[in-house]
Amino acid sequence: MIRLCLFVSLWFIAAAFAADEPTLKPVFGTLRYVEYIPGELPLVLSAPHGGLLKPKSVADRTYGVVDSDANTQDLARRIAAEVKKQTGKSMDLVISHLHRSKLDPNREIKEAAQGDKTAEKIWQEYHSYIEKALKKAVARHGRAFFIDLHGQNHKDIRVELGYMHRVADLAKPTQVINGIDFRQSGSIQLISELNPDVPYADLLFGSESLGAMIEQHGFLATPSPRMTVPTEPYFRGGYTIDRHSRAAAHVAGLQIEANRIRLRDTPENRQKFAEALVQTLRVYIPKWLKVEL
Ligand SMILES: [Zn+2]
C-alpha cells in the first residue's frame, strides 16, 4: 500500500512537471539584460526600446537616439497576455531590459552598442533569441509573423505600420507599387507570395490590410485606406525588421509604432490597444499568412 501511494505521488509530481512545459518559462541572457519568453504560436514579438536598466558597467551611448519608448515593455507583455487569453496559447516574446541610452537593439551593432563589450554581447543575444523564436515557429507552423513593437509621439495620433517602405515610395503610382521590385523591398513579401492574385497595394492599404483592420477596431492607422501615404514624420521600419522579416526564411512582419496618446499613456489605454491588436491579428494572420492563431 505504501509502495502504491509512493508510486501515485511520484506520478502526480511527474505529471505536474510535464504540464508545466519547461520550454514556456522565461529564459534570460547575460546579467538578465535580455528576456526571452518562448511560445507555441506562429507569432513572435520583440520590444527593443522599453528597457529600464541603466547599469554603470555598460557605457552610455554617445550618439543616435537614446530616449526609450515609454511603456512599450508593458504593452508587449499585455499583448502576449491577451494572446494567451484569446487563444489559450503562448506567443514568443523577446524583451531588452537595457535602457536605450545603453543599447539600441534596433540598430546595427556599431551604432547599437558603440563599442561597449557587454552591450555587444547583449545585442548578439537579443537577435539570436529572435532568430531562435522565428526558426522554432517556422519549423512548427511552416511560417511565422514577426512584430517589432515601438512607440512614437507624432502629432498625428495613429498607429504607424512600417513595412520598410519610405513615404516617397508609398506615394508612387499603384502600378509601381504592384511591381515585383517594390514588394521585394518590403517586409511582407512572404504574404504577397502566398497570395499571388492580390495586388501588393491592397496588402499595404486595401480594405483588408492590417491598417484597415486596426482602424475597424477604433484606432487610426497608416498605411490604411484612409491614409494610404503616411504624413511625415513616419517610421517605416528599422534594422530588426529588415534583418528578420525575410520571405526566404518564411517570415513576414512589420514594425508597429504605437502613439503615446490613447495607445500607451495609461494602463487602461494599453490594455484596450492590446485587445484590439490581438483581435486584429487573429483575423489578419489566418487570412493572409494562412496559419491559425
Ligand atoms: Zn523605438
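1. Pro223 sits in the loop between strand S7 (221-222) and helix H11 (239-244); helices (H or I, at least four residues) and strands (E, at least two) are DSSP runs, numbered from the N terminus. The peptide bond from Thr222 to Pro223 is cis, with omega near -5°. Pro233 is also found in the loop between S7 and H11, and the bond from Glu232 to Pro233 is cis, with omega near -5°.

2. The model is a predicted one, in which local features need pLDDT of at least 70 and side-chain atom pairs count only at pLDDT 80 or more, while totals for chains, interfaces and linings use all residues. Residue numbers start from 1 along each chain as its sequence is written.

3. The chain has twelve helices and eight strands. Its radius of gyration, 20 Å, is close to the 19 Å that the globule rule gives for 293 residues, so the chain is as compact as a globular protein of that length. The radius is taken over C-alpha atoms, and the rule is 2.2 Å times the number of residues to the power 0.38. Along the principal axes, the C-alpha atoms fill a box of roughly 80 × 50 × 40 Å.

4. Of the 293 residues, 46% count as buried (20 or more other C-beta atoms within 10 Å of the residue's own, with C-beta atoms placed from the backbone). The largest nonpolar core has 72 residues, and those with the most contacts inside it are Leu43, Val44, Leu45, Ala76 and Ile79. Such a core is a set of buried Ala, Val, Leu, Ile, Met, Phe, Trp, Tyr and Cys residues joined through C-beta atoms within 7 Å.

5. Buried residues of H2 include Leu75, Ala76, Ile79 and Val83. The buried residues of this helix pack against strands S2, S3, S4, S5 and S8 and helix H12. Ala76 touches Leu45, Ala47, Gly50, Leu93, Ile95 and Leu149, leaving aside residues up to four places away in sequence; contact here means C-beta atoms, placed from the backbone, within 7 Å.

6. Some backbone angles deserve a look. Asn71, in the loop between S3 and H2, has a positive phi of about 65° although it is not a glycine. Asn71 counts as buried, with 20 C-beta neighbours inside 10 Å. His250, in the loop between H11 and S8, likewise has a positive phi of about 65° without being a glycine, and His250 is buried. Gly88, which follows H2, has a positive phi near 80°.

How values were computed
A residue is buried if 20 or more other C-beta atoms lie within 10 Å of its own, exposed if 12 or fewer, and partly exposed in between; C-beta atoms are placed from the backbone. Two residues are in contact if their C-beta atoms, placed from the backbone, lie within 7 Å.
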